[in-house]
Amino acid sequence: MATRLVITGVIGVAALGALIGPAIGAGSSDHAPPAAPIERGASGPLGEIGRRLRDAAPGAVVEIPAGVYREHLRIDKPVRLIAVGAAIIDGGGSGDIVEITAPDVTLKGFTVRNTGIDLDKENAAIRVTAPRATIEANTLDDILFGIDLREAPDSRVTGNRIGGKPLDIARRGDGLRLWRCDRTLVEGNTIHSGRDAILWYSTGVVVRDNRGHDCRYGLHLMFSDEVTIIGNEFSRNSVGIYLMYSTGIEIVGNRLLRNRGPSGYGVGLKEADRFSVRDNLIVGNRAGVYIDGSPFTEARPGEFSANTIAYNDAGFIFLPSARGNEVVGNNLIDNIAQVSVSGRGSLEANRFWKGERGNFWSDYTGYDQDHDGVGDFVHESYTLFENLMDRRPSLRLFLFSPAQQAVEFVGRALPAIRPEPLFTDEVPLMRPVALPALAGARATRVGSLLSGAALVLAGAGLIALGGGVRR
Amino acid sequence: MTALPIALVPVVSARRAPSTARNIATVARRELRDAVRTRWFWLYTLAFASLGLAVSFVSAAGAGGAGLSGFGRTTAGLTNLVLLVVPLMALTAGASSIASDRERGMLAYILAQPITRTELLLGKYVGLGGALFGCIALGIGACSIIMAWMGAPSSPVAMLWMSGLALLLALAMLSLGFLISVLARRSSVAVGTAIFVWLTLAFGTDLALMGGAIALRLRVQSLLALSLVNPLQVFKLWSLHAIEASLDVLGPAGLYATEEYGRGLHLIFGACMGAWIAAPLVLAALLFSRRSPL
């Protein structure tokens, strides 16, 4: 007990010295502050930012200069805390780092790093428990939970970079979590190497222009209604966007790329209602769109339009329970299975065309003699191999083999063993609906050209060698 | 075939004693030249290249122009093409090699030179392997160039992997072809047997395994292990693994393979393919040097 008292005393004196020292120094000499980040604050209960906050009046703007601040903050009055220069708040690998308990707080421009890794306590870089917070342009690094908003409605989370700890996926925390945060704006953030970005019980949230990669769920909605998800990019996660028990969701103009793994979906919908999925680019996922019990009430058909769904293992996977979806005006391009039903079942309660408009199917074999942009024959999907795969997934092992082709040929040639068509598109489109372009394809062009040329030269060289030994 | 004795002159009249390596090289060069001069070789090359180009064109015409990529139809189509054409090419080439020479009395003639039977066999093997590689490289290289030209997405690394693995597959099938050739009495029988073996490997075993998987409810482990018996499946799995880094596209069995063995899969596939290259060839060499009639 005595030693602890002594230590506290020493730290107190040191802190006092640190506080007074610069003030005295500033009076006597006028040399410029060093450019490199300097260590500030002591490890006492209140660090330098903590003291500045303590002394600030409600409503004040507190500007923090560049430096490394090893402290944990609690902001309990409405202030604007703004970093001018590279201000780094380092949690030293323990606990939460910034806790905001007052409404109308702004935290802007900081680097917050190094939380604890205690999953039970949900160690977070920034935790907000009051409404109307603005978390803007911060960089979060090496953190368990990133931004954790609990009952903080009308907040703004914009332009942050959130990077998790290099832990096993089960030991990571959520990069972003909203719990009862109605009408919150989440815009322009980048989240990587975290667990999920997740919305719980939050109504009227707008999620716009964010990027999420190498996480588990790019964006996960639980019981969150009237959410707008626009212009985000979710790539290389386990799941891109997953809706559960949520109503009134707009998913528009997002890019969902290469979300893979045992349950990898671009967009997944579980018992969601009144949803609209439009203009998204869904490429290279295990399943482009996964539909389980959605729409839930059939109050309004689930809408899928103008999406480009390409190169996924399956374009759509429907659980047999799914009914009441309208898939119209999409591009379905070279998915290994364009549409499949998990297990046995039919898709007759879902529609793949409406009026004079269906979808563009890259595997459509008909033609358009009357040039009205719509194929003259119905597009029906009934490949025997896909049917077998749906029933027995282990047969996927034989994909891309001649045996697969043989089975499909048999299925086409012998109507007796041909499965019932999974779905019918009576007015398949002959041309794709406006295809979005993906950048970055050009780079491999030169490489392909060179490697192709090298191969051809090698082949020709060998042949010349063979022909050249004539004497 | 009057060119033959001339080609073998260096062996016979070499000032230094003929070494094994030199004998093999001489036979290999002759074999390569003969192969290049046959119509069969060019027909196969032409078929392989043009089918490959057709696959590339079709997949690029779909939506490839938008720069969307994945393990698209192109790579899948090329894999399929290699699985069909390369084994047929290699098996028939191997099967007709020794058998047709024997039928024409060439074998007795060549073996009258200072060259052992094993050297002759290996020389022929190397020469035909070179010819097959030339054919594969021309075909896949042409596809790669055309696709790059059209701006279709294709990965140079994928194409190089594909060519290399196709060569290994060709060598394995060539070994098998040589074994058939050594065993068969007539070249027509040899080629017939080769085509039967090709049908079995390309369709028969996979279809049987598929049926078995459905009827016997095989576990994914057994299914995976059984499929590795077929060198064509090994090629397919290996190229997918190399190009995609994960076999999860192949469902539960693929996922199991990736999760369980990870990068060790390269070793497993390599060992399977190596066994398929070495075992029939060694067997063929043993049988050929022990008893095979001239």
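Where in chain A is the place of P295(A)?

Modeller: The model is a predicted one. P295(A) is found in the loop of chain A that runs between β31 (287-292) and β32 (302-305).

D104(A) belongs to the loop between β7 (98-100) and β8 (106-108) of chain A. Phi of D104(A) is near 60 degrees, which is a positive value in a residue other than glycine. With a relative accessible area of 36%, D104(A) is partly exposed, because that class lies between the limits of 20% and 50%. D334(A) sits in the loop between β36 (331-333) and β37 (337-341) of chain A. Phi of D334(A) is near 50 degrees, again a positive value in a residue that is not glycine. The relative accessible area of D334(A) is 9%, so this aspartate counts as buried.

Y242(A) has its place in strand β25 (residues 239-244) of chain A. Its relative accessibility is 7%, and Y242(A) therefore counts as buried, the cut-off being under 20%. Leaving aside residues up to four places away in sequence, Y242(A) touches Y217(A), L219(A), H220(A), L221(A), Y265(A), G268(A), L269(A), K270(A) and Y290(A). The C-alpha atoms of Y242(A) and V267(A) are separated by 5.8 Å, although these residues are 25 residues apart along the chain.

For context, chain B supplies some helical elements. Helix α7 (residues 156-183) of chain B has 28 residues and spans 41 Å from its first C-alpha to its last, close to the 40 Å expected at 1.5 Å a residue. Of the 28 residues of α7(B), 21 are buried, and the helix is thus mostly covered. Elsewhere in chain B, the axes of helix α11 (residues 251-261) and helix α12 (residues 264-290) come within 8 Å and cross at roughly 115 degrees. That angle makes α11(B) roughly perpendicular to α12(B). A257(B), T258(B) and Y261(B) of α11(B) make the contact with G264(B), L265(B) and I268(B) of α12(B). The residues of this contact between α11(B) and α12(B) comprise 4 nonpolar, 2 polar and no charged.

Technical notes:
Residues numbered from 1 in each chain as written. Chains lettered and ligands numbered in written order. Predicted model: local features only at pLDDT ≥ 70, side-chain atom pairs only at ≥ 80, totals over all residues. Heavy atoms only, no water. Axes fitted to C-alpha atoms, helices over the stretch in contact; angles between N-to-C directions. Helix = DSSP H or I, 4+ residues; strand = E, 2+ residues; numbered from the N terminus. Parallel < 35°, antiparallel > 145°, perpendicular 65-115°, else oblique. Contact = heavy atoms within 4.5 Å. Nonpolar A, V, L, I, M, F, W, Y, C, P; charged D, E, K, R; others polar. Expected span 1.5 Å × (residues − 1). Buried < 20%, exposed > 50% of the residue type's maximum accessible area, 1.4 Å probe, protein only.
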